[in-house]
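Colleague: I am new to reading protein models. Could you walk me through this one?

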Amino acid sequence: MTEKQHLTEPFLQQVATWLYRTYGNRLDLLTVVLPDRRAGVFFNEYLNRLIDRPILGPDIVAVDDLMSRLSDLQPSDTVNLTLLLHRIYTEVTGHPESLDEFYFWGEILLADFDIVDKYLVDARQLFRNIYDLKEIEERFDFLTDTQKAAIRQFWGGLVEIRDGNRRNFLEIWGKLADVYERFRQRLTADGIGYSGLIYRNVAEKIDNGAFTWTNPYAFVGFNGLTPCEKRLFTALKKAGQANFFWDCDTELLQAKEQEAGLFLRENVITFPSPSDFELQSTVQTPDIRLISVPGQVAQVQALNQDSIFTPSPPLNFDSVAIVLADESLMLPTTAALTYRVPTMNINITMGYPLRDTPVFSFITRIMELYRKGNCREMAGQTVFNYRAVLALLNHQLLTGTEIAEIADNILKEKKLQVPASDFKNIPLLEIIFQKRDTWHSALDAILQVINILAAKLCDGDGSLEAEYFYQAYITLSRLRELLRNHKLADSGAMTLDLFYRLLLRSMQSVRIPLEGEPLSDLQVMGLLETRALDFQQVIILSANEGTLPRNKSEHSFITYNLRKAFGLPAFEEDDAVQAYYFYRLLRRAQHVRLIYDSSGEGPNSGEMSRFLTQLLYNSAPMTFSDATAPKKLDLFFHAPAVKTNPVEIRRTKEHSAKLIAMKCLTPSALNTWLDCQKKFYFRYIAEIREPDEITEEIDSRLFGSLFHKAAEIVYTALGGNGQLITAHALEDMRSSDLPDKATMQAFAEEMFHSDHVNPEFLSGENLLIKENIKTYLLKMLENDRRYAPFRLAVSTEKNDDGTPLHTGLEDNGYRARFNTDNGSVTVGGIFDRVDIVGEQLRIIDYKTGRNVNLDYKTGRKAPDHAADIRKLTDPDEKERRKEIFQTLVYAEVLSRTLGRRPPITPCIYKIDDFFADFNPEIRYNRQPVDYQEIADEFQLVLTALLNEVLACDGIYAPTKIEKHCNTCYCAAICGNRNTTESE
């Protein structure tokens, strides 16, 4: 196979040359019809290059614009059409289906009407066939699911729509033809229509002889034609006023097994090009490379490789095209190009989708705020779910210290429900945070907010940000007028959820026209926008199967078999159209780079497009020699792993002084020291707190807080004033409603951070957990009967003025001063409970966690009490008994507070044991521990630990136990994760 010189003259330039040579000064009489407006811009530029004197140019128009110009109807938007279709549907069928229920499949029906009209199908006959198929399904209802599936496979699957009255629904199917005809009549009377109806209107006018064709037309660069377009082409051909120009060469036409030439093989015969127009064929195979990149967004990084993208300025407007098969790559592609070629102009022909702007996400977050479940009445005031509130407050369009303080306060106070009163005195937030029961009140609020933000954030200089707000405001204003015209302003038919869907639908279809030079250095476009265009360099991103060609899983009431029977396009025709666009784009290029994501992550399969496979295995409608065959390359981006060096923090006198001056060093703080000294530093010296979080799900920590609070309320009621708690009092408490009320109050304070919670707000899992907590509480009351009578103890520590520092169970705190070689420090905390049983003091710690072992003997054959006590403060002990250590610290603090060593029994109430053999005493070698017997040994261990904590030299040693790092909130700044030992 011989190779020739590369042809640099694009298809549109060839057509422009022929038309200028043929019409000369009469170009103004000519109408040039192209597939889209972008092709018109390129064609006009090619024509201008040929003209050397001032003349009037031709009328250059896209085919959709031409059809609208010839039709009696004007295009209307989908939302308006669907609302009108619902009204017609209810009138014709008499079926009172709500707009909310109708909207989804109303859009499907509208799409089917569109295709029926564009292909001039007899709608009544088609819908009669659909009705017959549904009737067959009804008649064979007795069949098994497998048999039904076989029949559906034969006839083609229909969209299933649920309806309780199946016979009534079947009757509705029989009226779809009437719905179609009435809908068409109404649109025609109003002078509006969808695309298909406009096309059909033109075809019918042609059949009725409504047009007199006196001026010439040139149809350039088309491929698959609808019957309506064929009617137009035929009429102009018969009138001798049409020329047709097809971009296809011999290889494409002769490869009959190839889908790309499916339509052109018929078109070139039915509508031949002028006899003196000879399309110059491509004579050199382009340099094609198929490049795999592991990662969807990583594909854009290939643009930084010289072997893939070689921007050699100056560039013409038809030099380089970067084609996005997946348009979601537009932003990262633009960013990569701006970095690679900062001095070049980039023209994004597809426009900037409004859905990708901050304004769109901001509006959707406001609407989420108003949706059911996020806005409700609670305790006589309007409250909002914290998730929706924080999502909105953290949006980039909301700035300011006041807003940040509100968000921080929600986290600190862990407000699950945020009252509207929190947003007073901030006008913008006052507008947003109101209950919006109707769609028009919600929309009015959004429009007000857009106005305020636009005035605040945009300087009115035509910036892109200003265009965001402008397009959003115009779109929403049009939607408001549309809904008002349909008299839905006060109608219950328009729910907030349905309005939200309409709002999304309206905004998602809007593209912001980007100002700039359309004939700039680099063109970034979608595949559809490349129609009739040629480029020297072509780079296609996301050339994956499923994206190129794009799988169209559009819902339809028209089955595959009916589509074939009535000449409607199916997936084969769609694939053929995309195949043509793909191959014609390659034919005149010099360099082609086809990049696909090989990772298989997300929606991609990781498989290259079938078009690439055809190129690779020589089944494409292109001729390759061994030298010019496409080459397959694998591109990898190796990011070297960055190992974080551990942060070494030295201990200082200032650190020791800060600890000595602390109001209280708690047993929890000492446990933190033993777990990891560096974490102790971050938490207590640097005061880096764990990030505030809110959760609607009850985790183990929140469960423990709920149980502790409920127990505190119940036992305060029993003995908070020092009264004796008897077995009878415990039993009376079990049979009263206070445990239930206490549990609800615990939820109000610990979860909702309120004085009261409406019981209806507890549902599902939380309701079950509430009942579990109540059950545990009742069982604890029952277990405590064995220790009755007993009395609750209170602290004897005094304030400076001599008043009791702690007088009740709600703040059962004790502190004691410990002297060490490195200074004196206060140790203590709030005990869950201290009670007096006879002469015995019991220190009780509630534990709701799992696997708490109350025996601290560590497995030696012969007991060694002193060694086992030391194990409680051994930082390298993976199964260190933290709970026992904490309770023994409390025992020592209590002894020092009282100034003596009374009999003290340290206890841990494990809720896991409430329903088993309940033995809460801490044990050593299976025997209950009396703190008096081990106090001397434990005091030595505790004093040594405190002396170590207060030391001024050395460093804060990191943990050697990996699991401590895995759950540590300081791991990101510590750098110790890479050095811990694996368990």
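Colleague: How many helices and strands does the protein chain have?
Modeller: This is a predicted model. Both kinds of secondary structure occur in the protein chain. The count is 36 helices and 26 strands.

Colleague: What share of the residues in the protein chain is buried?
Modeller: The protein chain has 983 residues. Buried means under 20% relative accessible area. The buried share is 51%.

Colleague: Among contacts between residues at least 6 apart in sequence, what percentage joins residues at least 24 apart?
Modeller: Contact means heavy atoms within 4.5 Å. Take the contacts in the protein chain between residues at least 6 apart in sequence. The part that joins residues at least 24 apart is 77%.

Colleague: Which residues touch the most other members of the largest nonpolar core?
Modeller: That core holds 131 residues. Another core, of 122 residues, lies apart from it, and A123, I540, L562 and Y580 are among its members. In the largest core, the residues that touch the most other members are L393, L429, I432, F433, M494 and Y715.

Colleague: Take M494: which residues is it in contact with, leaving aside neighbours within four places in sequence?
Modeller: M494 belongs to the largest nonpolar core. Its neighbours within four places in sequence are left aside here. The contacts of M494 are then L83, L99, W439, L483, L488, F499 and L502.

Colleague: Is the crossing of α4 and α9 left-handed or right-handed?
Modeller: Residues of α4 that meet α9 include L81, L84 and I88. The way α4 passes α9 is right-handed.

Colleague: What are the classes of the residues where α15 meets α20?
Modeller: The axes of α15 (residues 358-370) and α20 (residues 464-485) come within 9 Å and cross at roughly 45 degrees. These two helices are therefore oblique. P358, V359 and I363 in α15 meet Y468, F469, A472 and L476 in α20. By class, the contact has no polar, no charged and 7 nonpolar residues.

Colleague: Which elements do the buried residues of α3 pack against?
Modeller: Helix α3 spans residues 63-70. Its buried residues are V63, L66, M67, S68 and L70. They pack against β1, β2, β3, α10, β5 and α11.

Colleague: How far apart in space are R355 and M507, C-alpha to C-alpha?
Modeller: R355 sits in the loop between β10 and α15. With a relative accessible area of 37%, R355 is partly exposed. R355 touches F360, M507, Q508 and R511, not counting residues up to four places away in sequence. R355 and M507 are 152 residues apart in sequence, and in space they are 6.6 Å apart.

Colleague: And I973: which residues is it in contact with, leaving aside neighbours within four places in sequence?
Modeller: I973 lies in helix α36. It counts as partly exposed, at 43% relative accessibility. I973 and V647 are 326 residues apart in sequence and 7.8 Å apart in space, C-alpha to C-alpha. The contacts of I973 are V647, F682 and I688.

Colleague: Where is P549 found?
Modeller: A cis peptide bond joins L548 and P549. Omega for that bond is about -5 degrees. P549 is found in the loop between β16 and α22.

Colleague: Is A532 buried or exposed?
Modeller: A532 is not a glycine, yet its phi is positive, about 70 degrees. A532 is found in the loop between β15 and β16. Its relative accessibility is 2%, so A532 counts as buried.

Notes
Residues numbered from 1 in each chain as written. Predicted model: local features only at pLDDT ≥ 70, side-chain atom pairs only at ≥ 80, totals over all residues. Heavy atoms only, no water. Left-handed = near helix turned anticlockwise from the far one by under 90°. Helix = DSSP H or I, 4+ residues; strand = E, 2+ residues; numbered from the N terminus. Core = buried A, V, L, I, M, F, W, Y, C linked by side-chain atoms within 4.5 Å. Buried < 20%, exposed > 50% of the residue type's maximum accessible area, 1.4 Å probe, protein only. Axes fitted to C-alpha atoms, helices over the stretch in contact; angles between N-to-C directions. Parallel < 35°, antiparallel > 145°, perpendicular 65-115°, else oblique. Nonpolar A, V, L, I, M, F, W, Y, C, P; charged D, E, K, R; others polar.
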